[in-house]
Amino acid sequence: MNEILQYTVQGLAAGSFYALAALGLAVIFGVLGVVNFAHGAVYMLGAVTAAVLLDTLGVNFWLALIVVPVLLFIFGVLLERVFISRLIALDPLYNFLLTFGLTLLLVDLVKRQYGVSGLPYTRPEMLSGQLQVGEIRLPTFQVFVLVFSVLVCLAVWLLLTRTKIGMIVRASTEKAELTRALGVDVNKWVTPVFGFGIALAGLAGVLAAPFRAITADMGSSFIIILFAVVVIGGLGSILGAVVAGFLVGLVEVFGQAYAPALSQIVIFILMALVILLRPAGLFGKEEHA
């Protein structure tokens with residue numbers, strides 16, 4: 001029983017990275033209709049930026065949780081203004097190719113600058129060790145990642161459901177044309193929403209920095225699983241992205257524990273089952289299927 005509880009916490013912690021990044025991907029797709037293939041590279045960039053800031057300026061993990069998402073928000077705003085906005089009216093394939101090319105560029109730049117062996121990142125001392133909960137010992141950092149991610153997801157949910165900005169973003173996500181017809185300038189929110197989605201991916205990268213190897217290729221496998229998360233949750237569904245993120249984390253960890261040879265395949269088997277039963281995903285709309 002204790003073993004199952006430990007795997008559950010580990011799975012939810014692993015799912016936290018997917019939930020945060022998929023949340024950003026879902027917001028971007030919902031409002032812009034852009035399938036951002038560079039999301040995995042931005043996740044990698046978040047981790048690399050945190051490591052570089054620590055090494056050069058002494059920016060610790062706690063400060064990096066604020067500084068890096070802000071930097072990547074600015075990066076996302078510039079990216080949307082300079083490139084994405086010019087292709088938004090064209091076939092979605094153009095933006096897919098653009099973000100795919102951006103992925104290759106970012107990965108190559110990081111490899112050239114920092115090599116392929118990875119960057120070190122020391123886990124904050126207060127998050128080292130384990131927490132004793134009854135008879136169960138849980139890694140402190142994983143518990144922190146889980147709690148922090150849930151709080152961020154709740155904050156985003158409150159932003160989307162309790163504010164005027166959130167109402168506009170949700171309306172744009174679900175019925176963009178109808179929202180425009182009601183006199184709302186949807187285009188005004190496109191740039192900050194894109195930057196916000198990029199910032200969430202960067203935040204996931206900062207959380208991953210003390211937890212996973214920081215390499216230029218760390219986003220490659222991440223983006224594949226991330227798309228599986230979005231498909232399972234439902235394209236454009238914000239709630240679906242979060243729920244599916246945690247679900248995939250659980251599947252991944254339990255798969256590694258009980259069927260290591262099939263741990264990655266299990267995720268895609270889950271995706272296939274969801275598509276068979278609900279082509280639009282767990283929380284998706286039929287028009288996005």
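Is arginine 112 buried or exposed? Arginine 112 counts as exposed, at 66% relative accessibility. Please keep in mind throughout that the structure before us is a predicted model.

I begin with the charged pairs. Aspartate 108, for its part, is partly exposed, with 36% relative accessibility.

Helix α4 also contributes to a second bridge. Here the side chain of lysine 111 meets that of aspartate 217, and the N to O distance is 3.4 Å. Because aspartate 217 lies in the loop between α8 (187–208) and α9 (218–233), while lysine 111 is in helix α4, this pair ties together parts that are 106 residues apart in sequence. Both ends are partly exposed: aspartate 217 has 36% relative accessibility, and lysine 111 has 30%.

The remaining bridge joins the side chains of glutamate 80 and arginine 81, at 3.0 Å from N to O. Which of its ends is buried? That is glutamate 80, whose relative accessible area is 2%; under 20% counts as buried. Arginine 81 is partly exposed at 47%.

I turn next to the nonpolar residues. The largest nonpolar core has 84 residues, and the members that touch the most others are Phe61, Tyr121, Phe144, Leu207 and Ile214. Which helix gives the most to this core? Helix α1, residues 2–32, does, with 13 residues. As for isoleucine 214, leaving aside residues up to four places away in sequence, its contacts are Ala47, Val48, Ala51, Gly118, Leu119, Tyr121 and Ala209.

A patch of about 790 Å² is made by Leu63, Ile66, Val70, Leu71, Phe73, Ile74, Leu78, Val82 and Phe83. One of these residues, isoleucine 66, is found in helix α3, residues 61–87. Isoleucine 66 counts as exposed, with a relative accessibility of 55%.

Finally, the aromatic rings. How many aromatic pairs does a search of the whole structure find? It finds 17. Among them, tyrosine 7 and tyrosine 258 form an edge-to-face pair, 5.7 Å centre to centre with 80° between the planes. This pair links distant parts of the chain, with tyrosine 7 in helix α1 and tyrosine 258 in helix α10 (residues 238–258), 251 residues apart.

Another edge-to-face pair consists of phenylalanine 37 and phenylalanine 96, with 5.4 Å between centres and 70° between the planes. Phenylalanine 37 lies in the loop between α1 and α2 (39–57) and phenylalanine 96 lies in helix α4, so the pair ties together parts that are 59 residues apart in sequence. Phenylalanine 37 is buried, at 18% relative accessible area, whereas phenylalanine 96 is partly exposed, at 31%.

Ring pairs also link a cluster consisting of Phe17, Phe61, Trp62, Tyr121, Phe141, Phe144, Phe148 and Phe211.

Notes. Residues are numbered from 1 along each chain as its sequence is written. Side-chain values use heavy atoms; hydrogens and water are left out. A salt bridge is a side-chain nitrogen of Lys or Arg within 4 Å of a carboxyl oxygen of Asp or Glu. Buried means under 20% relative accessible area, exposed over 50%, partly exposed in between (1.4 Å probe, protein chains only). Helices (H or I, at least four residues) and strands (E, at least two) are DSSP runs, numbered from the N terminus. A nonpolar core is a set of buried Ala, Val, Leu, Ile, Met, Phe, Trp, Tyr and Cys residues joined through side-chain atoms within 4.5 Å. Contact means heavy atoms within 4.5 Å. Patches are made of residues with over 30% relative accessible area and no salt bridge: like charges are joined within 9 Å, nonpolar side chains (Val, Leu, Ile, Met, Phe, Trp, Tyr) within 5 Å. Accessible areas come from the Shrake-Rupley method with a 1.4 Å probe; for residues, only the protein chains shown count as cover. Rings of Phe, Tyr and Trp (its six-membered ring) pair if their centres lie within 6.5 Å; planes under 30 degrees apart count as stacked, over 60 as edge-to-face and the rest as tilted.
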